Amino acid sequence: MKEINFLILGVGGQGTILAGDVLSEAGMVAGYDVKKSDILGLAIRSGSVTSFIRWGTQVHSPVPPKNSIDYLVAFEPLESLRMLDYLKSDSTVILNEYKIPPVAVSTGQATYPAQEEILRYLEQNSSRIIRLNATQRTQELGSVKVLNIFMIGVLASLLPVSPSVWEAAIKKFAPPKFLDLNLKAFYKGYEQYVKAK
Amino acid sequence: MKEILSGNEAIARGAYEAGIQIAVGYPGTPSSEIIENIVKRYGDTIYAEWSVNEKVAMDAAAGAAYSGKRALVTTKQVGMNVLSDSLLYTVYTGAEAGLVVLTADDPGLFSSQNEQDNRWYSRLAKIPTLEPADSQEAKDFIVQGIQLSEQFDIPVLVRSVMRVSHSKSIVTLGERKENPKTIGPFPRKPEKYNCTASHARHMHVKLEEKLKTIQAFADTSHLNRIEWGDRELGIITSGVVYTYAREVFPDASILKLGMSYPIPKGMILEFSKGVKQLLVIEELDPVLEEQIRAMGIAVRGKDVFPPYFELLPDDILKYCREAGISIRKSFPVKETVKPQNLPIRSPVFCPGCPHRSSFYLFAKLKLPVAGDIGCYNLGTLPPFKAQHTMGSMGASIGVLHGMALADIPEDRVCTIGDSTFFHAGIPPLVNMVHTGTRGTVIIMDNSVTAMTGHQDHPGVDWSVVPNRKAKAVDIESLVKAIGVGFVKTVNAFSIKEVEEGLKECLAYKDGPSVLITKGPCIFVSREPKPPYRVDQDICIACGTCFKVGCPGNVLSDVKHPKTGKFKAAIDPTLCNGCGVCSQVCPVKAIKPTGTASDSVQF
Ligand SMILES: Cc1ncc(C[n+]2csc(CCOP(=O)(O)OP(=O)(O)O)c2C)c(N)n1
């Protein structure tokens with residue numbers, strides 16, 4: 001099976017870890033060997049969060065070498081720029097364009113990079129960028145809490161794994177109370193990109 | 001059955017399968033999720049607790065194992081320093097049932113105050129040590145650890161690292177193997193369990209004999225294995241570094257040590273004879289390298305790799321290339337164009353944190369602050385920059401004592417969290433009382449061990465096991481009972497109360513004084529209050545509210561007509577309504593909205 005490497009970047013509280021768990025589970029169910037490595041920071045919210053997920057026939061290191069990420073799933077534009085050296089030149093970026101300014105920015109000590117600048121850097125380090133305001137999309141669905149699964153939906157539409165596998169993985173991790181909303185978010189994301197094509 | 005587990009989930013599973021009955025520890029990243037997962041998944045089968053500190057956990061595990069129960073101790077790497085005094089005697093005594101100590105090290109310093117390599121403890125304490133490379137081994141090595149511990153009558157150390165504990169991989173689950181022992185009266189064997197010098201002399205000789213047997217075991221154990229490949233280069237490695245080495249050298253011959261102490265000398269000799277060049281790849285110190293070199297075998301190691309930080313595949317690649325070690329695998333290359341100086345997203349006190357007001361004050365009063373470890377150490381960062389030392393848990397009070405002994409020409413204080421106070425803060429405070437040194441100890445009581453993920457400690461009436469009764473030890477009574485002459489408890493959310501309390505404490509000259517700033521962590525109360533808002537008509541854009549360093553305080557897009565500066569605003573989805581910023585506003589422009597909380601944190 002072809003090795004596929006993923007990188008998920010976001011801000012603490014956005015549910016990126018769970019997104020990576022669903023992605024790992026789906027890989028295992030689809031028959032891949034899977035490894036995942038999270039960098040969580042402290043228990044305190046609102047720091048940067050990084051997860052590597054690797055699918056392959058036999059995965060050794062939980063952290064892939066640089067220039068080997070096939071898919072970057074960025075939950076926040078500023079965060080999308082933090083690990084560009086890990087992207088393959090023909091990688092795909094899924095970018096949630098909703099900004100969360102860090103304290104240094106909201107208090108005027110630093111400036112948030114301009115949108116064109118962000119896109120320029122992403123373009124120089126990948127071959128395809130899928131831009132969406134996923135936060136707004138999920139607000140329309142009823143809650144930003146399903147942002148993570150919406151993003152997974154967009155990613156899933158690009159991968160050779162059937163929706164039923166993804167559904168099973170989501171069922172395993174989503175709290176029962178929010179399962180329906182999560183599945184709705186997944187399919188919204190899944191169709192979102194298919195439509196955009 | 002197969003499941004994807006993190007290293008820490010797998011260790012918890014391993015505790016279950018190993019038949020462990022008692023699991024104790026003190027929280028610390030990256031080890032904390034072990035006890036939490038034991039409670040969550042196997043809480044019906046295994047007794048688990050957060051002990052007051054690592055040493056107490058170690059002694060409790062020893063007592064349980066002496067009594068015949070299988071026991072596990074968990075700690076982060078620096079916790080080993082705290083429990084080491086007890087670790088050393090357990091290696092002399094052994095026990096009636098298996099005893100495993102789990103240390104989670106932190107190469108790369110993701111969340112620790114130092115980067116110590118706990119494999120030195122293997123050699124110092126002479127404790128057999130296993131190093132898992134992934135979640136499967138993390139689980140299996142706990143089971144193995146208990147087996148070895150019972151087979152050789154010696155505790156076993158299992159060393160994880162952040163990249164094992166916080167990575168996930170596929171694990172094949174097994175069944176639980178129960179401890180066959182039943183609990184009877186305590187074994188009266190002072191010659192085995194009382195390390196008085198005359199006994200300990202015999203114990204030490206016996207231990208050295210045991211180690212010889214274990215050494216022989218290591219040479220034949222499946223825990224260690226040679227993977228023959230290309231004979232040009234032979235790599236010796238252990239733990240997760242094996243997976244990095246394999247990534248870079250898919251064809252090389254590798255001797256993978258699952259058991260890194262005692263080292264399998266016979267296997268190492270055989271391996272060294274089978275390859276042209278020998279390279280030891282190990283993170284941090286040359287622990288294996290020095291032992292192998294002492295056998296008279298030529299190896300490369302720390303002349304290639306630095307003795308700090310992780311050795312991820314990219315690092316191995318880089319250092320090997322620099323050292324002229326040939327890499328056959330081709331790695332993808334790309335010219336990366338990277339932005340410079342991206343705004344960092346550094347951790348800050350949460351909106352609604354009870355520590356905020358105190359640090360605002362320390363910054364304002366410009367006091368020298370001996371600091372300690374916990375969320376409150378974020379007071380070191382801007383805008384406060386008000387914690388001037390930090391070294392190890394409980395150190396702040398001893399350092400304050402030393403500042404008093406040095407007789408610095410100013411008032412001085414120290415900060416210490418409630419969990420840290422129970423962990424290691426009581427003896428130094430007793431010391432201050434006894435010697436009568438002057439200084440103010442500020443106990444920041446947020447009713448939880450917050451920084452490591454909100455665990456219980458002896459000051460609260462709940463425990464890691466839901467519904468298990470716990471008695472809260474009252475800090476104020478304890479401090480008074482020690483004999484502190486002046487003790488004041490104030491509401492942590494009121495800057496005025498904290499300031500007045502602090503001034504009274506500083507005025508007390510007859511020995512140490514204690515200020516307890518009491519206010520629950522927002523993750524304990526879990527009751528965000530209605531958010532505050534800035535009245536734009538009143539705001540004078542002075543920027544004072546930013547001095548409380550809260551992510552909820554943001555710039556608005558309204559400019560002050562005279563100064564041209566942006567006025568302040570509050571993000572209602574971040575504000576938890578603590579009101580601290582409203583207390584510092586000079587024109588009273590910050591007011592509660594009274595509308596229900598819409599906090600994203602809950
Ligand atoms: C010996 C040792 N054990 C564990 C840790 C991990 N650790 C860092 S701070 C902390 C406790 C924080 O709790 P508290 O003192 O109540 O402060 P809070 O974070 O709640 O403000 C712990 C357990 C450590 N650094 N050293």
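Me: I'd like to begin with a helix. What does helix H15 of chain B lie across, and at about what angle does H15(B) run to S15(B)?

Reply: Good place to start. This is a predicted model, and in it helix H15 (residues 395-405) of chain B lies across S14, strand S15 (413-417) and S16 of chain B. H15(B) runs at about 170° to S15(B).

Me: Which other helix lies across strands S16, S17 and S18 of chain B?

Reply: That is helix H17 (residues 475-482) of chain B, which runs at about 165° to S17(B).

Me: How should I read the sheet itself? In what order do the five strands of chain B stand?

Reply: Here is the general idea: strands of a sheet pair through backbone hydrogen bonds, either parallel or antiparallel. In chain B the sheet is open, its order is S14-S15-S16-S18-S17, and the pairing is parallel. Strand S14 (369-370) and strand S17 (486-491) of chain B are at the edges with a single partner strand each, so one side of each has no neighbour in the sheet.

Me: How many bridges join S16 to S18 in chain B?

Reply: Seven bridges link strand S16 (residues 439-445) of chain B with strand S18 (residues 512-518) of chain B, and these two run parallel.

Me: Let's step back. Into which domains is chain B divided?

Reply: The assignment gives domain 1 (2-220), domain 2 (224-322), domain 3 (356-518) and domain 4 (532-592).

Me: How do I read the meeting of domain 3 and domain 4 of chain B?

Reply: Start with the residues in contact, then turn to the buried area. Nine residues of domain 3 of chain B are in contact with 10 residues of domain 4 of chain B. About 780 Å² is buried between these two domains, and carbon and sulfur atoms give 66% of that area. Arg356(B), Tyr360(B) and Phe493(B) supply 65% of what domain 3 of chain B buries against domain 4 of chain B, more than any other three residues. The centres of the two domains, taken over C-alpha atoms, are separated by 30 Å.

Me: What is the count of salt bridges between domain 3 and domain 4 of chain B, and what is the count of residue pairs in polar contact?

Reply: The salt bridge count is zero, while four residue pairs are in polar contact. On the domain 3 side, the elements giving two or more residues are helix H14 (356-365) and helix H18 (495-507) of chain B. H14(B) gives the most, with three residues.

Me: Now the two chains. How many residues of chain A are in contact with chain B?

Reply: 59 residues of chain A are in contact with 51 residues of chain B. The area buried between the chains is about 4,500 Å², with carbon and sulfur atoms giving 62%. Across this interface there are five salt bridges, and 19 residue pairs are in polar contact. Several elements of chain A supply at least two residues each, including helix H1 (16-29) and strand S5 (87-96). S2(A) gives the most, with seven residues.

Me: Which side chain meets Asp85(A) in a salt bridge?

Reply: Look for Lys338(B), where the N to O distance is 3.2 Å.

Me: How many salt bridges are there over all chains?

Reply: The count comes to 50. One joins Lys126(B) to Glu208(B), with the closest N and O atoms 2.9 Å apart. Lys126(B) lies in the loop between helix H5 (119-125) and strand S6 (129-130) of chain B, and Glu208(B) in helix H9 (residues 197-220) of chain B, so the pair ties together parts 82 residues apart in sequence.

How values were computed:
Residues numbered from 1 in each chain as written. Chains lettered and ligands numbered in written order. Predicted model: local features only at pLDDT ≥ 70, side-chain atom pairs only at ≥ 80, totals over all residues. Heavy atoms only, no water. Pairing = 2+ DSSP bridges. Helix = DSSP H or I, 4+ residues; strand = E, 2+ residues; numbered from the N terminus. Contact = heavy atoms within 4.5 Å. Axes fitted to C-alpha atoms, helices over the stretch in contact; angles between N-to-C directions. Domains from an automatic or database assignment. Buried area = accessible area lost by both parts, 1.4 Å probe. Salt bridge = Lys/Arg side-chain N within 4 Å of Asp/Glu carboxyl O. Polar contact = N/O pair within 3.5 Å; in protein donor to acceptor, adjacent residues only side chain to side chain.
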